[in-house]
Amino acid sequence: MAVGLHGGGKTTTCAKLALNLKKNNKKALLVAGDIYRPAAIDQLEILGKENDIAVYSERGNPNVPSIARNAVEYAKKESIDVVIIDTAGRLQIDEQMVAELVRVKQAVNPKEILLIADAALGQEAVSVADHFHKTLALTGVILTKLDGDARGGAALSIRKVTGCPIKFVGCREKISDLDVFYPERMASRILGMGDIVSLVEKAALEIDKADSEKLQEKLRTKSFDLDEFSPAAQTDEENGRA
């Protein structure tokens, strides 16, 4: 069950989490539990279709706990491993939202209740995390939007207030951009030292081995120039050779 404020990236993060599970050979079901935000159900269904992930929705049903309960029963019949419930957020915490989340929890008894928190929340994260934790007993946190200029100090505040582990961090908009949380890397980021390890890992995924060896050779023979920084220039060069 994913909870959090409006605008924190819950819906996208739910899809990212489902894709992460899929890569680890787990079948996931996304549940459209946000029936209030315009196009929230559409967004989840599009993300599911694009990434071959099942989505459960009941358009027109105003009872979110009922939707969640029906989704779990559907998952059992279809032998789906994990159910991920996207819930509605608000611009700020209000009693109506919290009461609905409590009813959803009572309806399905989720094994995980994850707070989806915007890394740019800063110290406001303390009151947000504290309120959700006292009401729902959070089991973990996913920190989002770490591709911005926020250093992630909210991670320390949330961990201190809730005692819950930060399980994943969301960086960048692509649906595959969900990374396991490493405390030492976050510490380096907060201290302004950067996250070199993550940068190297990202480069290893993005850079073709043959291209890398070619660049190494150009560096060794001192033939490396500014054109190497321009993908368009490289493409023109290849087309010219062709």
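**View 1. D42, E45 and R59 are joined in a network of salt bridges.** Here, a salt bridge means a side-chain nitrogen of Lys or Arg within 4 Å of a carboxyl oxygen of Asp or Glu. This is a predicted model, where local features need pLDDT of at least 70, side-chain atom pairs count only at pLDDT 80 or more, and totals for chains, interfaces and linings use all residues. Residues are numbered from 1 along each chain as its sequence is written, and side-chain values use heavy atoms, with hydrogens and water left out. Look at D42 and R59: their closest N and O atoms sit 2.5 Å apart. D42 belongs to helix α2 and R59 to the loop between β3 and α3 (64-77), so this pair links distant parts of the chain, 17 residues apart. Helices (H or I, at least four residues) and strands (E, at least two) are DSSP runs, numbered from the N terminus. D42 is partly exposed, at 34% relative accessibility; that label falls between buried (under 20% relative accessible area) and exposed (over 50%), using a 1.4 Å probe and protein chains only.

**View 2. D52 and K22 pair up through a salt bridge, 3.9 Å from N to O.** D52 is in the loop between α2 (40-50) and β3 (54-56) and K22 is in helix α1 (residues 10-23), so the pair ties together parts 30 residues apart in sequence. D52 is exposed at 64% relative accessibility, while K22 is partly exposed at 35%.

View 3. D130 is partly exposed at 25%, and K134 is exposed at 67%.
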